[in-house]
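Me: I'd like to go through the side-chain contacts in this one, starting with the aromatic residues and then moving on to the charged ones. Could you take a look with me?
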Amino acid sequence: MDDQNKNLILATALSFLVILGWYSFFPPPEPEPAPETVANETAPAGDTAAAPGATQPDTAVSTQPSEEAQAPDAPRLTIDTPRLAGSISLQGGRIDDLALKDYHVELAEDSDIVRVLSPVGEDNAFYALYGWAPGTGLGFDDVPGANTVWSADEGQVLTPDSPVTLTWDNGKGLTFTRTVAVDEDYLFSVTQSVQNATGATVALAPYGTLARHGEPANLKNFFILHEGVVGMADGELAEIDYGDMADFDPDPRDGSRAEVKQVESNGWLGFTDHYWMSTLIPEPGQGFRSIAKYDERREIYQTDVVLPTATLADGESSEVTTMLFSGAKEWATIRGYQKDGIEGFLDSIDWGWFFFLTKPIFAVLHWLHAMIGNMGWSIIGLTIFIKILVFPLAYKSYASMAKMKELQPQMEKLKERAGDDRQKLQKEMMELYKKEKVNPAAGCLPILIQIPIFFSLYKVIFVTLELRHAAFFGPFQDLSAPDPTSLMNLFGLLPFSGPEPGTIFATVFIGILPILLGVSMWLQQKLNPAPTDPTQKMIFAWMPWVFMFMLGGFASGLVVYWIANNTITFTQQYLIMRSHGYKPDVFGNIKSSMKRAPKTEDK
């Protein structure tokens, strides 16, 4: 067995084992169930999030939660923007009903649109609320909280051009105003103000809260994707899974488990799902306390941003603005908000450990998609771009492989002279390699370099929203999902879907893309004669077809990348080897592989 075949088998086997282990221990998650449809009906209020404590160094603020009230008939203000639909409940002034007009639960255009926030009383309630934590001289009844019923002028509708204003008077000299504005995308601005006419000095701290009742129904629980708390605190990213919140230290003030950080100048905090996110964002440069907590008794996950305490003399007022992002994790939109001053906001997308690869890979893919307008062709364009970047390495590798072919006669003579003396053979072969300036390990590099690129692209395809429901052509209308074609639907010719992804039938009756992948790998092998060693020959014969079935359940966009990569690699290798005097006999190698091995007869 020559060193070239040894290196190729080693590199290919390594790739096979890594991907097989990945697929075996971390299979793609089941398709997400459909979230609930949009409903603008008012739900009865049940358990609500506790008002956060707001203890500051200069003011002692009570931390007891507000009393829970029932207001099933609380009026609502409509939210209507080009991209959002929903409503605000005047009970607590909660933003608790929000859906995304541009995104559907399923691929069909007539399916329900995605809902990101829902009110208390519905399954998996998730909402944003604001208030003031009472300080010196005030009680919870003196400040607006989760169940305060606000007043608003009738007929107000929240649009990008028309903010809405809510007011509440505590009857004791404090008047509170809340103005909610929204932009053309997913960013709300909530301005809270208070006017003190009590005749005395008061202290109170504004806060914002995101509360989630139970874990999301469509939680993936897939290690490649982070779901749970996400936040930035002075340049430090924090990602906390729901399960880890139960391990927080107990907070003696309200019995919940909490993690508290003091943010000096820039930060944000909230919850992220697979494709959607809701985060509280104080104004850039504003210090605040960042609190992530879990109430075990009511199973409420909560994030709070508590701003510094305002101490107001009689006649004084205070105003503070906090932003709320609630919507789709679109790269361009989030990047725009980051450019506008939300520090590190692009890191709310889970780029993973290979962020130094996933970020530029997606940036190039996004640019190509903007130019081409088709995600499938953009992936092929990305493959070409990557192959251009690594071409110098590939050229050296394939040139070295061609040179190795030329040295085969000399190597055979060395083997004859050395006989059984392995040490002598190795020494003379190394001298030959040095003399001819050949690196026997160069053949491994093109295969090994594909491993981090493959995993990075898999991460990009799995976590980024832009690949969700992204079409290629014909039956391939969602490149984030496995190939929908199958022998059972004549590879998309019949008008019904193939086997359910993740089932044994889907594993056996694979689609056209995995088959093309297997064929492309098989053709790549035929650039060189089959190894003479029976074990090697068997491994080479089976490997393309094992990969074909193994990758059949992966995202079709990833399979498109691999097919394009194999095709370009085949072309590059063939041309480079030809340019160095070695002509690969592809058709001869194919014919040879079709022949049955001759039988040996016992004598």
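Me: Is Phe 472 buried or exposed?
Reply: In this predicted model, Phe 472 has a relative accessibility of 11%, so Phe 472 counts as buried, the cut-off being under 20%.
Me: And what about the ring pair of Phe 472 and Phe 473, how are the planes set?
Reply: The planes of Phe 472 and Phe 473 stand at 75° with the ring centres 4.7 Å apart, so this pair is edge-to-face. Phe 473 itself is partly exposed, at 46% relative accessibility.
Me: How many aromatic pairs are there in the whole structure?
Reply: A search of the whole structure gives 29 aromatic pairs. One of them joins Trp 377 and Phe 472, where the centres lie 5.6 Å apart and the planes meet at 80°, so that pair is edge-to-face.
Me: Where do Trp 377 and Phe 472 lie?
Reply: Trp 377 belongs to helix α5 (residues 375-389), whereas Phe 472 is in the loop between α10 (450-463) and α11 (504-508), so the pair ties together parts that are 95 residues apart in sequence. Trp 377 counts as partly exposed, with a relative accessibility of 49%.
Me: Which residues form an aromatic cluster?
Reply: One cluster is made up of Phe 222, Phe 223, Phe 454, Phe 455, Tyr 458, Phe 462, Phe 547, Phe 554 and Trp 562.
Me: Changing topic to charges, which ring does the charged end of Arg 212 sit over?
Reply: The charged end of Arg 212 is placed over the ring of Phe 126, at 4.0 Å from its centre. Arg 94, in turn, lies over the face of Tyr 127, 5.4 Å from the ring centre.
Me: OK, and how many salt bridges does the structure hold?
Reply: There are 15 salt bridges in the structure. Among them is the one between the side chains of Arg 115 and Glu 122, at 2.9 Å from N to O, and both of these residues are buried.
Me: What about Glu 296, which residue does it form a salt bridge with?
Reply: Glu 296 pairs with Arg 257, and their closest N and O atoms are 3.1 Å apart. This pair links distant parts of the chain, 39 residues apart, with Glu 296 in the loop between β16 (288-295) and β17 (300-306) and Arg 257 in strand β13 (residues 257-263). Glu 296 is partly exposed at 44% relative accessibility, and Arg 257 is partly exposed at 23%.
Me: Last one, which residues are linked in a network of salt bridges?
Reply: Such a network links Arg 83, Asp 102, Asp 185 and Glu 330.

Notes:
Residues are numbered from 1 along each chain as its sequence is written. This is a predicted model: local features need pLDDT of at least 70, side-chain atom pairs count only at pLDDT 80 or more; totals for chains, interfaces and linings use all residues. Side-chain values use heavy atoms; hydrogens and water are left out. Rings of Phe, Tyr and Trp (its six-membered ring) pair if their centres lie within 6.5 Å; planes under 30 degrees apart count as stacked, over 60 as edge-to-face and the rest as tilted. Helices (H or I, at least four residues) and strands (E, at least two) are DSSP runs, numbered from the N terminus. Buried means under 20% relative accessible area, exposed over 50%, partly exposed in between (1.4 Å probe, protein chains only). A charge sits over a ring if NZ of Lys or CZ of Arg is within 6 Å of the ring centre and within 35 degrees of the ring normal. A salt bridge is a side-chain nitrogen of Lys or Arg within 4 Å of a carboxyl oxygen of Asp or Glu.
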